[in-house]
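This report describes selected features of a single model. The sequence and the structure are shown first, and the discussion follows.

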Amino acid sequence: MTHKHPRLLSRVLKYVLMPEILFVSGVYLLLLVVFEVLRLLLLFRNSLHATGIESQVLVKSFLVGMRFDIATSSFLLMPLFLCLLFIPSRWRKRLISGFCLVGGLIIVSGLAEIEFYRELEMRFNTLVFEYLTHPKIVAGMVWDGYPVFRYLLLWAILFAFFSFGTYWLYRKLWPQPENAGRTALFPKIVVSFVFVGLMVIGARGGLSSEPLRWGDAFFSEDAFANNLALNGIYTLGRSALEKISGGQKFWLNAMPREEALSTTKSMLFQSQEKDLSSDEFPLLRQETTLRGEEAEPVNVVIILIESFSGRYVGALGAPFPLTPDFDVLSHEGVLFDHAFSNGTHTHQGVFATLAGFPNLPGYEYLMKTMEAQQGFSGITNVLEPLGYESVFLYNGLFSWDNKEGFFRQHGIYRFIGRNEYVNPTFVDPVWGVSDFDVFMRANDEFRAMAERGPFFGAILTMTNHSPFNLPDPLPFDKILTGDSFEGRANSMRYADWALGEFFKKASEEKYFANTLFVVTGDHGFGSAPAITGMQLDRFHVPLLFYSPKLLLKQGETRSTVASQVDIGPTILGLIGSNSPHQSWGRNLFSLSADDRGFAVVKPSGGKEEVALVEGDFLLMRSPKEKPVLYRYSLDFPPNGERIDDPQMVKEMEHRLKAYVETGLLNLKERRIGIPQ
């Protein structure tokens, strides 16, 4: 009896310590080390965002991150373990070599995510797939804008660590695989089943009733600490899965559709508008306050400036202004200092502004979907029947995001892109001609179009985008910041300078006096600190309506909350058009004095997270997550705090759900256009 127990223990250990289990367990540890090193590098490279965060909070980011690392490792290693159990031993080394290559790709993605977060303040998501559809442009952007060789060295070190460790485990555990003794099949199956069960628990994030989800990383009130806890491979896979599955069930079933529509109409319809709604056109309405039929048609120009963040605009109070030319313009127009982009990607900014439709879950790249093949109610659709000639000018290729394919169906028939500029002064090898060249060509086009009748012009700029290639010498004194922000600062200043040069030229033209100009950003960009969980700086943009001879009020700043979908109906009101429309915004000049305004915003990336901004409050809502209410301030410095007000949460959440549900239903059922 005394020898029986050791022999039994020896038998148990023989199966528990099977080479396959020991090998996979060792690779688990290697992957966890790699993930933690990548997280440390992300923290180091984005250390500005960690300013003011207590060290114990950052430590907890790494501890919470271990759950996501274990879950990700489990998903990666389960197939490897099962293959090791069943493949012939002669194939084992090839399988392990293949997994080492997988490890190399993981390290590449982790290093790339460091700069991805630095630029966009988000972990990997479906935006990665959108970028990969344009490999040549993205490769040029990476090569010109980032320290490629430094990252290659880091990759080589981490890959050597991972591959050496993996092969060392292989050699130790299978020294003579062809002569390895066989184990009994049944015990091997039982032990393997238990081990797979443990891996499944790891993949779920533990034994809780709900599997691991995005929200489990949000343990603090600091957005960077929460994002630091996530794992980029996990977020990329999760967002891709949500995109494939379609999602949206939470939003589509938020309430009875009649209740959602009624609430949405109460948010959008204004007292001076006539209700023309029907089953086919649920939000159709008509402006009744007109300039007068005898008035000359007003030309309309919309200028979308890349990454035009409100945080650095002097007219909005920035202590370090990068926009002196825009600031001068704002003194002769009406400026909205609480304006927000509807998304955080150029694609979303363009279709929200020009097509008048918000950024909704599942449709962040709406112009590339089948649902885009229907009528919309944007400013381009409304002005075309009124006899407006139209043109869209852009630095780069209109194939990016399917801009030309989409807007050619929606009232714009002339496109001037990268290859249509003659003798440009400067060409960025990544994004195309400079903003200055775009604006000078725009002035020429507008002059010619004005001779033929009223016109609509859209200008989308790109100079203020990484890798921030600029002409040398610059047409202004270079801004020296002494850090990595210097490229962005000079690019934003260059975009502003080019804007100023355009208005100098345009003011000398005949068309200028009878033109309404709208200047805003396609989106902002992240800046520390992040004042709410939604990272509001990525949405905050200036919005200027400029027409010194048409606007009665000049040099006025309004703090009404506005978004890009408000631009279309506001233009219609200002030019005196009574054309029916179904815009998802409102005429900002017709709001009552006590109306705080609202904006519905959603970041790109695949996650079904949406926020409603009303006045100085923001409610953030995501499926399977509780709503979070913030009070925010866009002062300098900005700040935000979580608010515990159940009644306000209930009311704002109801309006947000109604707006999103109605938008999704109308889009899917093709009810967002206007009568022919």
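This is a predicted model: local features need pLDDT of at least 70, side-chain atom pairs count only at pLDDT 80 or more; totals for chains, interfaces and linings use all residues.

Beyond the residues up to four places away in sequence, arginine 642 touches Glu221, Val628, Leu629 and Tyr630. Glycine 487 stands 155 residues from arginine 642 along the chain, and 34 Å separate the C-alpha atoms of the two.

The loop between β16 (628-633) and β17 (639-642) contains proline 637. The peptide bond that joins phenylalanine 636 to proline 637 is cis, with omega at about 0°.

## Arginine 621 in strand β15

Arginine 621 belongs to strand β15, which covers residues 617-621. With a relative accessible area of 10%, arginine 621 is buried, since the cut-off for that class is under 20%. When residues up to four places away in sequence are not counted, arginine 621 touches Phe250, Trp251, Glu608, Glu609, Val610, Lys626, Pro627, Glu653, Leu656 and Lys657.

## Helix α12, helix α20 and their surroundings

Helix α12 (residues 257-268) packs against α20 with the two axes 8 Å apart and at an angle of about 105°. The two helices are therefore roughly perpendicular. On the α12 side, the contact is made by Arg257, Glu259, Ala260, Leu261, Thr263, Thr264, Met267 and Leu268. These meet His654, Arg655, Ala658, Tyr659, Glu661, Thr662 and Leu665 of α20. Sorted by class, this contact comprises 7 nonpolar, 4 polar and 4 charged residues.

Glutamine 270 is located in the loop that runs between α12 and β1 (273-275). Its relative accessible area is 9%, and glutamine 270 is thus buried. Apart from neighbours within four places in sequence, glutamine 270 is in contact with Arg586, Asn587, Ser590 and Leu591. In the segment after α20 lies arginine 670, a residue that is not a glycine but has a positive phi of about 60°. Arginine 670 has a relative accessible area of 48% and is partly exposed.

## Nonpolar cores

In soluble globular proteins, nonpolar side chains tend to be buried together. The largest nonpolar core of this model has 88 residues. Within this core, Ile302, Phe392, Phe407, Phe456, Leu543 and Ile571 touch the most other members. Helix α20 (residues 646-668) provides the largest share of the core, with 8 residues. Another core lies apart from this one; it has 44 residues, including Val313, Met440, Met492 and Val519.

What does isoleucine 302 contact, leaving aside its neighbours within four places in sequence? The partners of isoleucine 302 are Thr353, Leu354, Ile379, Phe456, Gly457, Ala458, Ile459, Val518, Ile567 and Ile571.

## The crossing of α4 and α7

Helix α4 (residues 92-120) and helix α7 (residues 148-173) cross at roughly 150°, and their axes come within 9 Å. Because of this angle, α4 is roughly antiparallel to α7, a class that applies to angles over 145 degrees. The crossing of α4 and α7 is right-handed. By class, the contact of α4 with α7 involves 15 nonpolar, 5 polar and 3 charged residues.

## Backbone features in two loops

Serine 307 is placed in the loop between β3 (299-305) and α13 (324-330). Although serine 307 is a residue other than glycine, its phi is positive, near 50°. The relative accessibility of serine 307 is 2%, and this residue counts as buried.

Serine 466 and proline 467 are joined by a cis peptide bond with omega at about 15°. Proline 467 lies in the loop between β9 (455-460) and α18 (486-506).

Key. Residues are numbered from 1 along each chain as its sequence is written. Side-chain values use heavy atoms; hydrogens and water are left out. A nonpolar core is a set of buried Ala, Val, Leu, Ile, Met, Phe, Trp, Tyr and Cys residues joined through side-chain atoms within 4.5 Å. Buried means under 20% relative accessible area, exposed over 50%, partly exposed in between (1.4 Å probe, protein chains only). Helices (H or I, at least four residues) and strands (E, at least two) are DSSP runs, numbered from the N terminus. Contact means heavy atoms within 4.5 Å. Axes are lines fitted to C-alpha atoms, for helices over the stretch in contact, and angles run from 0 to 180 degrees between N-to-C directions. Angles under 35 degrees count as roughly parallel, over 145 as roughly antiparallel, 65 to 115 as roughly perpendicular and the rest as oblique. A crossing is left-handed if the near helix is turned anticlockwise from the far one by less than a right angle, and right-handed if clockwise. Ala, Val, Leu, Ile, Met, Phe, Trp, Tyr, Cys and Pro count as nonpolar, Asp, Glu, Lys and Arg as charged, and the others, Gly among them, as polar.
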